[in-house]
Amino acid sequence: MIPSYANFGGKIHGGILLSLIDKVAYACASRHAATYCVTVSVDGVDFLKPVEVGDLVSLMASVNYVGRTSLVIGIRVIAENVRNGIQRHTNTSYVTMVAKGEDDLPAMVPPLLLESEEDGRRFLEAMTRRQLREEFRHAFNSEKGRIDVNENMDELLKQRCVIGW
């Protein structure tokens with residue numbers, strides 16, 4: 001990681017890492033699908049530890065799940081201080097990609113060969129993450145239309161905000 005990727009504190013901007021994650025997810029998904037793939041969503045972007053200027057960053061990607069036209073790519077980000085050899089797990093992300101055909105429509109992807117119990121666990125975890133995300137999206141969309149600011153003013157007043165209207 002070079003200085004131009006860093007903020008004033010010498011830590012690498014999260015956007016730089018997100019860009020790398022997206023590129024690696026594309027490469028992994030496209031290789032499996034044997035076609036162009038596009039990013040649909042990025043889940044689990046928690047920055048566990050900072051990446052410093054001078055660190056060598058490695059991203060390991062695997063296809064964790066395939067649907068009919070979608071793939072979930074798991075990515076583990078490791079930063080290594082090249083002077084002392086200490087490696088730090090800085091991020092794990094899950095990127096959902098969709099394969100595209102020559103007509104730019106979603107294209108069928110090949111099934112995923114599960115070669116170990118670990119592969120099976122990752123596949124099942126991806127299915128669970130997908131189901132929970134869908135349940136959350138549905139629940140939140142149902143609730144957000146019912147939120148009334150005036151009815152919840154006392155809740156706002158308990159928070160760290162200033163009402164300016």
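1. The second largest pocket is lined by V40, S41, T69, S70, V72, T96, V98, R130, R133, E134 and R137. A pocket is an open set of points on a 1 Å grid over the protein atoms alone, with protein on both sides within 12 Å along at least five of seven lines; lining residues have an atom within 4 Å of a point. β1 (37-43), β3, β4 and α2 each give two or more residues to this lining. Helices (H or I, at least four residues) and strands (E, at least two) are DSSP runs, numbered from the N terminus. The pocket holds about 190 Å³, a volume being the space filled by probe spheres set on the points, which are joined across faces, edges and corners.

2. This is a predicted model: local features need pLDDT of at least 70, side-chain atom pairs count only at pLDDT 80 or more, and totals for chains, interfaces and linings use all residues. Residues are numbered from 1 along each chain as its sequence is written, and side-chain values use heavy atoms, leaving out hydrogens and water.

3. The largest pocket has about 240 Å³ of space. Its lining counts 15 residues, with N64, R76, T92, Y94 and R122 nearest the centre. α2 supplies the largest share, 5 residues.

4. There is 1 cavity of 30 Å³ or more; in a cavity a 1.4 Å probe fits but cannot get out. The largest cavity has about 50 Å³. D43, V72, Y94, T96, A126, R129, R130 and R133 line this cavity. α2 again gives the most, 4 residues.

5. β2 (residues 56-66) and β3 (residues 70-80) pair antiparallel over 10 bridges; pairing needs at least two bridges found by DSSP. The two strands form a hairpin with 3 residues between them.
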